[in-house]
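Reader: Hey, I've just opened this one and I'm new to it. Can you walk me through it?

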Amino acid sequence: MRCAVIRFLGSNCDADCYHVTKRVFHHPTHYLWYEEERDLDDYHLIIIPGGFSYGDYLRTGAIARFAPIMEQVRSFSEKGGLVLGICNGFQILTEMGLLPGALKINRGLRFICKYVYLSVENNKSPVTRSFKVGEVLQMPIAHGEGNYYIDEGGLLELEEEGRILFRYCDEEGEVTQDSNPNGSVGNIAGICNRGRNVFGMMPHPERCAEALLGNGSMDGGGIFNSLQEEVEEINARTKEMGEGRTHKE
Amino acid sequence: MWQVMVEVMPKKGILNPEGSVIQEALLSLGYKGVSHLKVGKTMKFYLEGSSQGQVEEQVQKMCKQLLANPVIEDYTYTILAEGDKG
């Protein structure tokens, strides 16, 4: 799986993401500077990491979305490429309209940095395919603006189309108001687009993907395992198709 | 040169945590009857343009493209002929 991690001025989880894909999972990984304009067709996965791109001025993600590289990300995603936005990356993807809704300031106004429980709501996606539905994961969050908002119609659509991937829950997997750290509509912690190739999540899988870190949780690794499985499947399919063509010729 | 003021406010029905906290503070200081307090943003700038209509068209474009997020915010603006810059 060939991966790229985008770096903006103000990104601060870029090195963590790079470390996980490159050193923990041993995938070829590059950094991509936000000013680059080259196409991304060489990659399977583009990660938009967490941080405070452009100082979070105006609104989180509002200015980063206009960076030259993001036009490339848009066309990459339109061709079906896998895009994972974590935290500030999720905020940027909603500002771009690649994911619906918006991320507002946390209900309690404070920046929250702690471990939370997540319930896997849907495993028919390239980021959740290695999990079971209802599985309870533990991952850290670290954000001031993670309060997911979407209007009623939009929420219904997400639910009907199985595009809510993670909800905040308690240790038993119950989705309760008390387990909602930031006020998100429907306890939503992660979603995908209609094409199921663009993902946004506020929790940080890259911070709990190896035994050394993660405070006892390696659940974030499941996200990267899922993506790897997906890419291996796509590669196998492409190879088969290629061989099929050769035979016909 | 035209002076532009853009006001961006949370849409109706969108919870505004900053507003709620400030409202609570006012009520606890004894100011009775405060309600529906919302916190938004005001942006002031100067813009070159040949006519008010042309400036307005630019400002609307700016609001839609960057200054407001239509999912959660509404915007209004005022455009004045050149005033004191500051």
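Reader: Leaving aside its neighbours within four places in sequence, what is B:E73 in contact with?

Author: B:E73 is in contact with A:R59, and also with B:V8, B:M9, B:P10, B:K11, B:K41, B:L67 and B:A68. Contact here means heavy atoms within 4.5 Å. Before we go on: this is a predicted model, where local features need pLDDT of at least 70 and side-chain atom pairs count only at pLDDT 80 or more, while totals for chains, interfaces and linings use all residues. Residues are numbered from 1 along each chain as its sequence is written, chains are lettered from A and ligands numbered from 1 in the order in which they are written, and side-chain values use heavy atoms, with hydrogens and water left out.

Reader: OK. Where does B:E73 lie, and is it buried or exposed?

Author: B:E73 lies in strand 3 of chain B (strands are DSSP runs of E, at least two residues; helices are runs of H or I, at least four; both are numbered from the N terminus). B:E73 is buried, with a relative accessible area of 12%. Buried means under 20%, exposed over 50% and partly exposed in between, using a 1.4 Å probe and protein chains only.

Reader: What does its side chain do with B:K41?

Author: The side chains of B:E73 and B:K41 make a polar contact at 3.4 Å. That term means a pair of N or O atoms within 3.5 Å; within protein, one must be able to donate a hydrogen and the other to accept it, and residues adjacent in sequence count only if both atoms are side-chain atoms.

Reader: And what does A:R59 form with B:E73?

Author: A salt bridge, with the closest N and O atoms 3.6 Å apart. The cut-off is a side-chain nitrogen of Lys or Arg within 4 Å of a carboxyl oxygen of Asp or Glu. The count between chain B and chain A is one salt bridge.

Reader: How many residues does the contact take from each chain?

Author: Chain B gives 15 residues and chain A gives 16 residues.

Reader: Switching topic: which residues are buried in helix 2 of chain B?

Author: B:V55, B:V59, B:C63 and B:L67 are buried there. They cover an arc of only 80 degrees around the axis, which puts them on the same side of helix 2 of chain B. The arc is that of the directions from the helix axis to the C-beta atoms.

Reader: What covers them?

Author: The cover includes strand 1 (2-10), strand 2 (41-47) and strand 3 (73-81) of chain B.

Reader: Which exposed residues sit on the face turned away?

Author: That face of helix 2 of chain B carries B:E57, B:K61 and B:K64.
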